[in-house]
Structure formats: C-alpha cells, structure tokens
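User: I would like to go through this chain with you. Please keep the answers brief.

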Amino acid sequence: MADVVPDPTNSDNKMAHKGVAQLNKDEAFPRVSETETPVLDCLSSESESDLIPVSLSKRGGKMSKSKPKPTRKERQRTDYSAQQPAMPSLRPAHDVMNRIRHDETLQMSDYVVGYEDRHVGIMWKGVEEWLDTTEEEDFIPMHRIKYFKRRSDDHIVWDREKRVDEIFGSGVTGRNDST
C-alpha cells in the first residue's frame, strides 16, 4: 500500500485547498502549523473504495490509522435470536394473598404461607394470621414469601422458585407447553 500525498504544485489537486497542510519538497509528511486544524487524509490501496482514514496530529505531525467510532445504534444492537425465551410472568405474592383473602370461592383458613426466616429457614403461617402493617412486631415482608399451600391436601398452589401459580394461572402453569 503506497501513501498518496497531494502535490501542492498541481492546480487540479483537490487536496490543495485552504485548511489542508502543504508539503515542503524536503519533508516526508505535511506540516501542520499551530493555527491550522489537523488534516484528515486517506491512504489509498488499489481501489478508491478501500480508502483508510489517516489523521495527522498537531503534535509532531505523526500519522495514525483510525477507525470511525460505532454509532449509538450499532453499540446497542443486540442479537435477540440468541437469547433464551423470557420466563412467563408470575403474579406477585401480595396478589395471591389478596385473592385468597377476598375471593369467596377460596377458604382463607385452608391456606398457609411458606416464608423464609433469615435464621431458621422456611416457616409456615396461616393466611388469616399474616400481618400487612409494618408497625407490627411480627411483620414479615412480602418478598420473603416462597410458597402458598392448601392445608386440606398439602398441595403447593404457588411456588416462587418453580414459577407455579394455580391461583391465577400465571407462571409456568399458565403457559401452554404443547406448542
């Protein structure tokens, strides 16, 4: 690949215009004065479509190859086909709690809440005993709830980890796996 340098004596030269550094006959690189802006030339290969931008810095007139920065869209482009399909959404524990409390078809006394105690592990408490107010000493935050279980048959109807919800039909129980 040969360096293409504009000829300052040639009037047809497109590079020889105001703002472009001129070559001195004894110099190998163009001079850039303190008042001029850096010049962007191109190194040419065999075809003009393969031009490589070369910038000239003000400090010492050294040439360096530079690639254009990617655009914001190019940086944000993501291959969504390679990603795993999104997990089905699971209704939150407070929705399940409210459904059990207020739905007349469900007996509130037939359900227990499995929550994670920080010191003991999984603990069980009846839905009717669950306290919602933060002022109470026995208050347990909703994010600690892991399960809802039906007492009559010991069947877990809501499981956060396995994403099972038989109260609303959300999570993996609401998805049709036959397709």
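User: Which residues make the nonpolar surface patch of about 250 Å²?

Analyst: The model is predicted: local features need pLDDT of at least 70, side-chain atom pairs count only at pLDDT 80 or more, and totals for chains, interfaces and linings use all residues. Residues are numbered from 1 along each chain as its sequence is written, and side-chain values use heavy atoms, leaving out hydrogens and water. Patch members have over 30% relative accessible area and no salt bridge; nonpolar side chains (Val, Leu, Ile, Met, Phe, Trp, Tyr) are joined within 5 Å, like charges within 9 Å. A salt bridge is a side-chain nitrogen of Lys or Arg within 4 Å of a carboxyl oxygen of Asp or Glu. Areas come from the Shrake-Rupley method with a 1.4 Å probe, and for residues only the protein chains shown count as cover. The patch is made by Ile-122, Trp-124 and Ile-156.

User: Is Ile-156 buried or exposed, or partly exposed?

Analyst: Buried means under 20% relative accessible area, exposed over 50%, partly exposed in between (1.4 Å probe, protein chains only). Ile-156 sits in strand β7 (residues 155–159). Its relative accessible area is 31%, so Ile-156 is partly exposed.

User: How many helices and strands does the chain have?

Analyst: Both are DSSP runs, numbered from the N terminus: helices are H or I with at least four residues, strands E with at least two. Along the sequence the pattern is β-β-β-α-α-β-β-β-β-β. The count is two helices and eight strands.

User: How many aromatic pairs are there?

Analyst: Rings of Phe, Tyr and Trp (its six-membered ring) pair if their centres lie within 6.5 Å; planes under 30 degrees apart are stacked, over 60 edge-to-face, the rest tilted. By this rule, the count is three.

User: How many residues apart in sequence are the parts that Tyr-115 and Trp-130 tie together?

Analyst: Tyr-115 and Trp-130 form an edge-to-face pair, 5.7 Å centre to centre with 70° between the planes. Tyr-115 lies in strand β4 (residues 111–117) and Trp-130 in the loop between β5 and β6, so the parts tied together are 15 residues apart.

User: Which strand holds Tyr-147?

Analyst: Trp-124 and Tyr-147 are stacked, 5.8 Å centre to centre and 25° between the planes. The pair links distant parts of the chain, 23 residues apart: Trp-124 is in strand β5, Tyr-147 in strand β6.
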